Amino acid sequence: MTEQAYIRVDPSIQGGEPCIGGTRLPALQMARVWWHSGYTTWEQVQHEYPTLTREGLIVACWFVVQGSVGWKRVWGQWERRVEGALAEGRYDDVPLPPQKGGDVHATPAAGLGEDAGGGRG
């Protein structure tokens with residue numbers, strides 16, 4: 001498990017917004033990027049965000065889905081499917097969350113803003 005397996009809140013980084021451990025990448029922003037990106041491969045994501053690991057993206061998505069009804073509508077099925085692997089730290093067994101237009105049948109809340117993705121439980 002790497003440092004990116006955690007979400008950190010540090011007032012001196014991104015104004016205290018929850019970020020992926022070891023980076024300055026806000027968790028909510030990375031979840032939005034993944035959902036709206038249109039990337040078709042992990043390599044495309046890595047090219048755009050070279051400090052982001054696959055593990056970091058999964059943790060960011062997990063974090064936002066835990067605190068939001070809007071994100072649960074989008075990724076609830078993914079969340080239920082992967083929670084055992086995440087609890088055991090088996091990140092290689094966890095599929096990346098679905099993207100807009102992917103295998104999710106629910107419609108996300110408008111814009112996936114604070115009400116949809118920013119709540120923290």
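Q: At what angle do helix 3 and helix 4 pack, and how far apart are their axes?

A: Before the numbers, a word on the source: this is a predicted model, in which local features need pLDDT of at least 70 and side-chain atom pairs count only at pLDDT 80 or more, while totals for chains, interfaces and linings use all residues. Residues are numbered from 1 along each chain as its sequence is written, and side-chain values use heavy atoms, with hydrogens and water left out.

Now your pair. Helix 3 and helix 4 pack at an angle of about 120°, and their axes are 9 Å apart. Axes here are lines fitted to C-alpha atoms, for helices over the stretch in contact, and angles run from 0 to 180 degrees between N-to-C directions. Helices (H or I, at least four residues) and strands (E, at least two) are DSSP runs, numbered from the N terminus. That angle makes helix 3 and helix 4 oblique to each other: under 35 degrees counts as roughly parallel, over 145 as roughly antiparallel, 65 to 115 as roughly perpendicular, and the rest as oblique. The crossing of helix 3 with helix 4 is left-handed, meaning the near helix is turned anticlockwise from the far one by less than a right angle (clockwise would be right-handed).

Who does the touching? From helix 3 come Ile58, Cys61, Trp62, Val64, Val65 and Gln66, and from helix 4 come Trp71, Lys72, Trp75, Trp78, Glu79, Val82, Glu83 and Leu86. Contact means heavy atoms within 4.5 Å. Sort these residues of the contact of helix 3 with helix 4 and you get ten nonpolar, one polar and three charged. Ala, Val, Leu, Ile, Met, Phe, Trp, Tyr, Cys and Pro count as nonpolar, Asp, Glu, Lys and Arg as charged, and the others, Gly among them, as polar.

Helix 4 has another partner, helix 1. The axes of helix 1 and helix 4 come within 13 Å and cross at roughly 50°, so helix 1 and helix 4 are oblique to each other too. Helix 1 also passes helix 4 in a left-handed crossing. Leu28, Ala31, Arg32, Trp34 and Trp35 of helix 1 meet Trp71, Val74 and Trp75 of helix 4. The contact of helix 1 with helix 4 has seven nonpolar residues, no polar ones and one charged.

Helix 1 is largely enclosed by the rest of the structure, because seven of its ten residues are buried. Buried means under 20% relative accessible area, exposed over 50%, and partly exposed in between (1.4 Å probe, protein chains only). The buried ones in helix 1 are Ala27, Leu28, Met30, Ala31, Val33, Trp34 and Trp35.

Now look at the largest nonpolar core, with 31 residues; Met30, Leu52, Trp71 and Trp75 have the most contacts inside it. Helix 1 (27-36), helix 2 (42-48), helix 3 (54-66) and helix 4 (69-87) each give two or more residues to this core. A nonpolar core is a set of buried Ala, Val, Leu, Ile, Met, Phe, Trp, Tyr and Cys residues joined through side-chain atoms within 4.5 Å. Not counting residues up to four places away in sequence, Met30 touches Ile20, Leu25, Tyr49, Leu52, Leu57 and Ala60.

Pro98 is buried, at 9% relative accessible area, and its C-alpha atom is 8.5 Å from that of Val74, 24 residues away along the chain.
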